[in-house]
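Here's a quick briefing to read with the model open beside you. Take it topic by topic and click through the residues as they come up.

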Amino acid sequence: MPKKATKTVVSPDQLKVKDGDDPWTKDELNEVIDELHEMKAHSHEVLVALETELSGLMKDSGDGAGQDQADMGATSFERDHELTVVNSEKDKLAQIERVLGHLEDGTYGICESCGEPIGKMRLMAFPRATLCMTCKQREERR
């Protein structure tokens, strides 16, 4: 899949940062954007491969004739696992799209839960973060 640039990315100085963080530089922001596009392309590739494999599993499930219970159980387990991975990858892709939208509207780096800055170091380590560490920890405890 060819790499597409975001429609309009705000200038780095328009993005909010946590107290004590240096403002974003153009190079830092470009690095994050490039990484997000690489993640997006990779997720698309993974989804295509998984959906092809899942389609094969669905077609080959048959009526169970000639298969013992262990074979049918293994096939069912594999199909359920593939569905879980597909859904996880779709969620990741949706998160990347949402983050790219935040880059366009100038809200990149703002926690979707509390509205405070996420922190530049967190975003550089995990560019698709949409929650600050406090809100993410609170979410994981639920």
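What follows covers the annotated domain, the cysteines, the nonpolar cores and the salt bridges.

Keep in mind that this is a predicted model. UniProt, in an unreviewed entry, puts the feature "domain: Zinc finger DksA/TraR C4-type" at residues 106-141. That stretch comes out as 42% helix and 0% strand, and its end C-alpha atoms sit 30 Å apart.

- G106 sits in the loop between α2 (69-105) and α3 (120-125).
- G106 and V10 are 96 residues apart in sequence, yet their C-alpha atoms are 5.7 Å apart in space.
- If you skip neighbours within four places in sequence, the contacts of G106 are V10, Q14 and L15.

**Cysteines**
- The disulfide count for the structure is 0.
- C111 is in no disulfide, and its nearest cysteine sulfur belongs to C135, 3.7 Å away; the cut-off for a disulfide is 2.5 Å.
- C132 is likewise in no disulfide, with the sulfur of C135 as its nearest cysteine sulfur at 3.6 Å.
- C111 counts as buried because its relative accessibility is 3%.
- C132 is buried too, at 9% relative accessibility.

**Nonpolar cores**
- The largest nonpolar core has 19 residues.
- Its residues with the most contacts inside the core are L15, W24, L36, L103, Y108, C111 and L123.
- Helices α1 (26-59) and α2 each supply at least two residues of this core.
- There's also a second, separate core of 5 residues, including L47, L50, L54 and V86.

**The loop around T130**
- T130 lies in the loop between α3 and α4 (133-141).
- T130 counts as buried because its relative accessibility is 8%.
- Setting aside residues up to four places away in sequence, T130 touches Q95, R98, V99, I110, C111, E112 and I118.

**Salt bridges**
- Side chains of opposite charge can pair when their charged atoms come close.
- How many salt bridges does the structure hold? The count is 7.
- E28 and K120 form one through their side chains, at 2.8 Å from N to O.
- That pair links distant parts of the chain, with E28 in helix α1 and K120 in helix α3, 92 residues apart.
- Are E28 and K120 buried or exposed? Both are buried.
- K40 and E97 also meet in a salt bridge, at 2.9 Å from N to O.
- K40 is in helix α1 and E97 in helix α2, so this pair ties together parts 57 residues apart in sequence.
- K40 counts as buried at 14% relative accessibility, whereas E97 counts as partly exposed at 37%.
- R98 forms a salt bridge with E112, and their closest N and O atoms are 2.9 Å apart.
- Here the link runs from E112 in the loop between α2 and α3 to R98 in helix α2, 14 residues apart.
- E112 is partly exposed at 38% relative accessibility, and R98 is partly exposed at 37%.
- K136, E139 and E140 are linked in a network of salt bridges.

Conventions. Residues numbered from 1 in each chain as written. Predicted model: local features only at pLDDT ≥ 70, side-chain atom pairs only at ≥ 80, totals over all residues. Heavy atoms only, no water. UniProt positions renumbered as here; feature names shortened; annotations may be inferred. Helix = DSSP H or I, 4+ residues; strand = E, 2+ residues; numbered from the N terminus. Contact = heavy atoms within 4.5 Å. Buried < 20%, exposed > 50% of the residue type's maximum accessible area, 1.4 Å probe, protein only. Core = buried A, V, L, I, M, F, W, Y, C linked by side-chain atoms within 4.5 Å. Salt bridge = Lys/Arg side-chain N within 4 Å of Asp/Glu carboxyl O.
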